[in-house]
Amino acid sequence: MNPAVGIRPATAGDLDAVECIERRSFPEGEAFTRRQLRYLLTHAQGASYAATRDGAVVGYISLLMRRTAQNLRIYSVAVDPAARGCGAGQALLDAAIALARRLGLREVTLEVRTDNDSAIRLYARNGFRPGKLLRGYYPDGTDARRMSFRTSCGRPE
């Protein structure tokens with residue numbers, strides 16, 4: 001992890017920064033609404049983390065899990081375009097994997113746009129394996145690829 005990037009739990013106080021990152025990172029119609037982001041930060045079953053640099057929030061990740069599931073789902077992750085390349089994406093991904101291991105979950109899963117080459121490379125470098133192709137997954141008709149990372153731990157059967 002890049003020492004210039006900090007990771008901490010995201011809170012409702014981060015909503016303005018997270019919303020700004022969301023708008024700058026995703027096309028209209030694909031970005032979460034402010035209301036959805038507030039829910040993810042404050043009420044969703046899972047966790048959210050903020051990546052910070054020089055005291056400013058430069059990225060976030062929202063992770064969802066079900067009580068009965070053996071996996072942690074990366075529901076949304078974004079790094080401000082102006083901060084890409086500083087290690088924030090890697091740090092957020094590291095936080096997700098560490099949480100899954102702490103919780104004894106078997107797998108971390110996500111869906112990624114098939115045209116998001118930089119994200120796919122990041123996930124692959126970190127041991128995520130490609131899975132099912134999800135045709136027309138995004139509002140603009142772009143396909144998604146499901147990817148997964150197997151942790152070395154898991155709950156007993």
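This is a predicted model: local features need pLDDT of at least 70, side-chain atom pairs count only at pLDDT 80 or more; totals for chains, interfaces and linings use all residues.

Student: Is β5 mostly covered or mostly open?

Tutor: Mostly covered: six of its seven residues are buried.

Student: What about Glu111, buried or exposed?

Tutor: Glu111 sits in β5 and counts as buried, because its relative accessibility is 16% and the cut-off for buried is under 20%.

Student: Which side chains does the Glu111 side chain make polar contacts with?

Tutor: One is the side chain of Tyr137, at 3.4 Å. Another is the side chain of Arg146, at 3.3 Å. Leaving out residues up to four places away in sequence, Glu111 also touches others, including Arg73, Leu134 and Ala144.

Student: Switching to salt bridges. How many are there?

Tutor: The count comes to 11. Take Arg34 and Asp16, whose closest N and O atoms are 2.8 Å apart. Arg34 is in helix α2 and Asp16 in helix α1, so this pair ties together parts 18 residues apart in sequence.

Student: Which other salt bridge does Arg34 form?

Tutor: One with Glu19, where the closest N and O atoms are 2.5 Å apart. Glu19 counts as buried at 19% relative accessibility, while Asp16 is exposed at 53% and Arg34 is partly exposed at 31%.

Student: Where are the partners of the Glu30 and Arg113 pair?

Tutor: Glu30 is in the loop between α1 and α2 and Arg113 is in strand β5, 83 residues apart. They form a salt bridge with closest N and O atoms 2.6 Å apart, and both residues are buried. As for networks, salt bridges with shared partners join Asp16, Glu19, Arg23 and Arg34 into one.

Student: Last one: which residues of α1 are buried?

Tutor: Leu15, Val18, Glu19, Ile21, Glu22 and Ser25. They cover an arc of only 160° around the axis, which puts them on the same side of α1. They pack against α2, β3 and β4.

Conventions:
Residues are numbered from 1 along each chain as its sequence is written. Side-chain values use heavy atoms; hydrogens and water are left out. Buried means under 20% relative accessible area, exposed over 50%, partly exposed in between (1.4 Å probe, protein chains only). Helices (H or I, at least four residues) and strands (E, at least two) are DSSP runs, numbered from the N terminus. The arc is that of the directions from the helix axis to the C-beta atoms. Contact means heavy atoms within 4.5 Å. A polar contact is a pair of N or O atoms within 3.5 Å; within protein, one must be able to donate a hydrogen and the other to accept it, and residues adjacent in sequence count only if both atoms are side-chain atoms. A salt bridge is a side-chain nitrogen of Lys or Arg within 4 Å of a carboxyl oxygen of Asp or Glu.
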